[in-house]
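This report goes through a protein model part by part. Please look over the sequence and the structure before reading on.

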Amino acid sequence: MANSLTICFLVFLLCVCADGARQVPCTINTNNGRLLWSSDSDVGICKSMVETQGYSCEEHTVTTTDGYILSLQRIPAGRSGVTADKPPVLLQHGLLVDATTWLVNTPDKSLGFILADNGYDVWLANTRGTKYSSGHTSLSPSDPAYWDWSWDELAAYDLPASVQYVHGQTGQNLHYVGHSLGTLMALAAFSRQQSLNMIRSAALLSPIAYLDQITTLLGKAAANSMIGDVTINIYYHTLTSNRDKNLSHGVLIVRFFLTGPPCCISPSTMDAVANYGPQPTATKNMLHLAQMVRQGTIAMYDYGRDDDNNEHYGQPTPPVYNMASIPNDLPLFLAYGGQDYISDPADVQTLIGTLNDHDANKLVVLYRKEYAHLDFILAGNANQVVYDPIMGFFSLN
């Protein structure tokens, strides 16, 4: 039964890649270590999402120390054309999406545009394996070795590379905003003292550190089954654009079911989101997240055998990320919702408990009882109830 639920879960995620009225191959092949969706469009984020709204935009790339070539987009000025006069802000997306997540709403409701219009130098990060960060110095996405990573590597390589690049380009320390997996990357990196000398503050939306109290039954079933043994190849094509839109909306509702019922996402925003398919990630990454659900810990990837863990870590069990090791004077803004099935309030309270010794004037916690996981990036009122407080927090740090 659990394996059946897992397959349903993966199929639903796949179906989100409905794209216009053309045939789209959607493939999960976990035997060679990847969850890979394909797409035939290579128009960059700047041209497709930013310049169309009247903003200037720059495309950048940075190479991680383990060879992955990541794309970043920079919005150096507001729509008025006035150049940013406030510090840089790096926005890091969550799982199965890319930087478009910060731009998909209208400019007055999308955090990327709001920050630019308020004078911040906005930088958008895209993790390895996503559509615009699929390059590597020696590997191809068709190579199994390309997908041999989990969020351990996102925290150890991707985040430091992006932070250092923005710091080098601007000559300034930066604010960081992460959602979902983007918060886990930051918490893991900060707990190991990475990049802290270049960070002014961090705002973490739907923070993930502990996952053992998630309330979605389907998510628990997926985590407790053998995801890595599943191989699925699915091909479908849409018959008409209207049918494609209906399919995308249906799958979007399934995503809401998995992550929590949103309170404040408009039909027009649902239309916009339905135009963007899910982004690839590594099977190993999904397995690592499943380990967090099963084991109730925030630790490095567990290879399953003492000998294998010894080979990688020099000890039989994976090293733990100690949240209490995050410096007490690092300004943190944590925002979570009462309807979130992934960043469950009980798990967030566990995280907050590990930060008991944090300087009181350096820790801000925002709780929205009506918010679910996706509201923090897509809700129509997030500009007022989440983004305004974030900018107020930035102004103090």
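## Terms and basis

The expected span of a helix is 1.5 Å times one less than its number of residues. Helices (H or I, at least four residues) and strands (E, at least two) are DSSP runs, numbered from the N terminus.

The model is predicted: local features need pLDDT of at least 70, side-chain atom pairs count only at pLDDT 80 or more, and totals for chains, interfaces and linings use all residues. Residues are numbered from 1 along each chain as its sequence is written, and side-chain values use heavy atoms, with hydrogens and water left out.

## Overall make-up

The protein has 13 helices and 13 strands. Of its 397 residues, 57% are buried. Buried means under 20% relative accessible area, exposed means over 50%, and partly exposed lies in between (1.4 Å probe, protein chains only).

Contact means heavy atoms within 4.5 Å. Among the contacts with a separation of 6 or more, 76% are between residues 24 or more positions apart.

Helix α13 covers residues 382-395. Its 14 residues should span 20 Å at 1.5 Å a residue, and its end C-alpha atoms are 18 Å apart, which agrees. A bend of about 25° occurs at D388 in α13, and the proline P389 follows within four residues. A bend at a residue is the angle between axes fitted to the seven residues ending there and the seven starting there. The buried residues of α13 include V385, V386, I390 and F394. An α-helix has 3.6 residues a turn, so residues three or four places apart point the same way.

Helix α4 (residues 151-170) has 20 residues. From its first C-alpha to its last, α4 reaches 27 Å, close to the 28 Å expected at 1.5 Å a residue. α4 bends by about 25° at D158, with the proline P160 following within four residues. Most of α4 is covered, as 14 of its 20 residues are buried. Just after α4, G171 has a positive phi of about 70°.

## Nonpolar cores

A nonpolar core is a set of buried Ala, Val, Leu, Ile, Met, Phe, Trp, Tyr and Cys residues joined through side-chain atoms within 4.5 Å. The largest one has 56 residues, and those touching the most other members are L90, W151, Y176, L184, F190, I298 and M323. Apart from neighbours within four places in sequence, L184 is in contact with W151, I208, A209, L289, M292 and I298. A second, separate core of 45 residues includes V122, L124, A203 and A382.

## A buried strand residue

H179 lies in strand β8 (residues 174-179). Is H179 buried or exposed? H179 is buried, with a relative accessible area of 4%. Leaving out residues up to four places away in sequence, H179 touches Q92, H93, G94, W102, L205, S206, H373, F376 and I377.

## Positive phi in one loop

Q193 is found in the loop between α5 (181-191) and β9 (199-205), and S195 is found in the loop between α5 and β9 too. Q193 is not a glycine, yet its phi is positive, at about 65°. S195, also not a glycine, has a positive phi of about 65°.

Which of the terms buried, partly exposed and exposed applies to each residue? Q193 is partly exposed, with a relative accessible area of 43%, whereas S195 is buried, with a relative accessible area of 9%.
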